[in-house]
Amino acid sequence: MSDIRVTDRPFRSDYEIIGKPMPRHDACDKVYGKTKYAEDYALAGMLHAKVLRSRYPAARILSIDTTEAEKLEGVVAVMTAKDVPNNETVTRFGQTHEVGGFEGLYRVLADKKVRFMGEGVALVAAETLKTAEEAVRRIKVEYEPLPGVFDPIEAMKPGAYQVGESENNVICSYKVRKGDIEEGFSKSDVIVENTYRVPFVDHAFLEPHSGVAWMDDSGVITIRAATQVIEHFRGIAEVLGLPHNRVRVIAPMVGGGFGNKEDITVETYLALLVWKTQRPVKLTYTREEAILSTSKRHPYVMRYRTGATRDGKLMALEADLVSDAGAYVYLSPWVLLYSTVSATGPYDIPHVKVDTTTVLTNNTFTSANRGFGCPQICFAYESQMDELAHRLGLSPLEFRRRNYLKKGEAMATGRVLDHYVAFPETAEKALEALGKPSEPASPTEKIGQGIASGMMSYGRMVFLHDTSRSYVSIEMDGSVTVRCGVQDIGGGQASSLAQIAAEVLGVPMEEVEVFIGDTALTPIAGTTTATRQLYMSGNATLKAATEVRKNLLGKAAELLEARPEELDLKEKKIFVKNEPDRSLALATVVKACAAAGIPLFNAAQFNAPFRELMDFKTGQGQVFPDFTFGTHGVELAVDTETGKVRVLKLVSCYDVGQAINPLSVEGQLEGGALYGLGYGLTEEIILENGITLTPSFSEFIIPTSLDAPDVETIVLESGDGAGPFGAKGIGEPSCVSVAPAVANAVRDALGVRITELPLTPERIVKALKRI
């Protein structure tokens, strides 16, 4: 992989740890296989669990007979909906601020009716996994198949099959209104109109859904599971009818989530079986089971109409977006709001009309996925930008330059971008890195290059009043402890906290220990979602460490007969800045503080900006704290006989504000680029009348090492982020604009626009026949 190129560093250059490429504090344990993931845990005397799942996408449950399963030797418990104390509740995914209209029905086990193929119908706990599997086979369920509805457009029509029991299939709708859309199109010299479609996508992380749970000596149900949200302990307690403090959730290191582990998966089932049997229980989903029954990225149908003047100024954008929520609400309203706010892309457009809707169907339910509703719309609006550029005879870069938003300008929602907006720089550098087009390898190949820019928020919606907490303490020997309820899902969330504490307190990384993800032992830090942990928990850790530092410098000033502002703290020494020889060992000052009763710890809370709900009639208002901006560039070769695509170059250029650890930033940019490449070229969960036709990684094709080109990463540091030391979040934004860059490169190579993802050889060959 390429080296990172760091430019435009405006901040301090004398950081000891921040901004320095270094291995993560937990890297060695991962490399040597010492890190334990959820599946690695086992307990003496534990039972093994399995889930019976619906064979139909839409059906009435007439009866469930568990008699034969219960007779099987080794079976300890069989549970159906009637055994669950509170089988129906609403989805709350860690947020502490309830917002009416965003919560939807959450059913633990199907009751009377099933809504999608794979929905949980019954649970079994047995002495062995083999016995549990046999017991599941012996449960007899009598179904009456129902017609169902599988297309979101059909589901919106009057008289459509009702997915739920009584509600309308339309979950919610939003609008954005700015200017006069008719006036905008009347002033447009060129108008481009297309309908874009994107598919269901699986998250395809390495670690399976897994967990083990037990009842501790105090009667607390304790669940150690792969999750992005330990705050699910509240929802699990409500299902069981227990006080919140009778359920504890521990998140070990998580082997990838990408949003799928934001939803409850194994946790509630484990808690129910422990509650029922009073014994430890383990449950791990197979890959096929996970693809069948857990959330997917939303498919969208997106009609875009965009107009511009002949001198290349955008004048009007009209968009109608419909997303398929599948069988339950889950996070669909939130995902749709992200899409709505960002539907116009990073462009200054005077006249805008956006309508968005999310709809229930009997497909597998959809929820969070890396990018949270932004990759879908970026594919549409960036394809539109390229088409307008071609129609106007401008280069794609020049057309974008004339329309990019700048700092101080307002989006279509009225939100003024008050942090630096790095679009021209990221686009120019991405295109420059592509260089001159390569030569085709054969007479049937054509070469194309494309760019696409994208923006995505980091941090949660401001009307949720989001908070995070972190505890930092310094020990008597000068070593540092951080306790924070962050879930590390492989993005280096915990390691970044270690770096922040080490920098502020002047200790080496190896002397900082971070304890994470335990609702009983670490302060609640919120979800590892929405690219929020560096922003939220990073700021909380910075705040806590700074308070500890103040106490240390105050005492050291007395001992050194200096003022605190004259002192600095590095390499476990406190010294006078202008006289480095006047110094004290950090441990000496720590002991002096302890003797004087000065606190050597601080538990800090960081509050994101609190705002009220946006105006849902016009879409006007502030929804997010800030955005990350970037551009992808792609060069590829298309075989015009087979439709096969070879990606030759892939460039990812982003403004990250301040790279806390450039190696981690590079990893996120490379990972995000490949994640987006799969979305653009190969990945599609195919459902036919609610039945999954791609139930394993043999059918759902993700890029392997043989498909992955080198990713050239270009990191810009404006220093103007809302995170610690001016950082911005990069985890999710890093995948947003890859697929449209691929589509634009294919358009450049072939001269034909493909409006449906993924760009498979079949779709390319069909498109070529249209020429």
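Modeller: Let us begin with a definition: a residue counts as buried when its relative accessible area is under 20%, as exposed over 50%, and as partly exposed in between. The model before us is predicted.

Biologist: How many of the residues of H9 are buried, and what follows for the helix?

Modeller: Ten of the ten residues of H9 are buried, so the helix is largely enclosed by the rest of the structure. Among them are Trp334, Leu336, Leu337 and Tyr338, and also the serines Ser332 and Ser339.

Biologist: Which elements do the buried residues of H9 pack against?

Modeller: They pack against strands S10, S16, S17, S18 and S19 (445-458), and against helix H10 (374-392). As a general idea, an α-helix has 3.6 residues a turn, so residues three or four places apart point the same way. Here, H9 (residues 332-341) lies across S10, S16, S17 (314-326) and S18 (351-360), and it runs at about 20 degrees to S10.

Biologist: In what order do the strands of the open sheet stand?

Modeller: The order is S10-S18-S17-S16-S11, five strands with mixed pairing. S10 (170-178) and S11 (190-198) stand at the edges with a single partner strand each, so one side of each has no neighbour in the sheet. Neighbouring strands are turned by 5 degrees against each other on average, direction ignored.

Biologist: How many bridges join S11 to S16, and in which sense do the two strands run?

Modeller: Nine bridges join S11 to S16 (residues 300-308), and the strands run antiparallel. Within this pairing, Thr195 stands opposite Arg303 of S16.

Biologist: Let us turn to S21. Which strands pair with S21, and is the pairing parallel or antiparallel?

Modeller: S20 (residues 467-474) is joined to S21 by five bridges and runs antiparallel, whereas S21 and S22 pair in the parallel sense, also over five bridges. S20 and S21 form a hairpin with five residues between them, and Gly478 in the turn has a positive phi of about 90 degrees. Four of the five residues of S21 (residues 480-484) are buried, so this strand is largely enclosed by the rest of the structure.

Biologist: What lines the second largest pocket?

Modeller: The lining has 28 residues, and those nearest the centre are His25, Met253, Glu513, Val514 and Ile516. The volume of this pocket is about 700 Å³. S14 (247-250) and S22 (512-516) each supply at least two lining residues, and S22 gives the most, with five. By class, the lining divides into 14 nonpolar, four polar and ten charged residues.

Biologist: Is Phe258 buried or partly exposed, and is Tyr330 buried or exposed?

Modeller: Phe258 has 27% relative accessibility and therefore counts as partly exposed. Tyr330, at 7%, counts as buried.

Biologist: Where is a cis peptide bond found?

Modeller: A cis bond joins Leu757 and Pro758, with omega about -5 degrees. Pro758 is placed in the loop between helix H17 (738-750) and helix H18 (761-769).

Definitions and conventions: Residues are numbered from 1 along each chain as its sequence is written. This is a predicted model: local features need pLDDT of at least 70, side-chain atom pairs count only at pLDDT 80 or more; totals for chains, interfaces and linings use all residues. Side-chain values use heavy atoms; hydrogens and water are left out. Two strands pair if DSSP finds at least two bridges between them. Axes are lines fitted to C-alpha atoms, for helices over the stretch in contact, and angles run from 0 to 180 degrees between N-to-C directions. Contact means heavy atoms within 4.5 Å. On a 1 Å grid over the protein atoms alone, a cavity is a set of points where a 1.4 Å probe fits but cannot get out, and a pocket is an open set with protein on both sides within 12 Å along at least five of seven lines; lining residues have an atom within 4 Å of a point. Grid points are joined across faces, edges and corners, and a volume is the space filled by probe spheres set on the points. Ala, Val, Leu, Ile, Met, Phe, Trp, Tyr, Cys and Pro count as nonpolar, Asp, Glu, Lys and Arg as charged, and the others, Gly among them, as polar. Buried means under 20% relative accessible area, exposed over 50%, partly exposed in between (1.4 Å probe, protein chains only).
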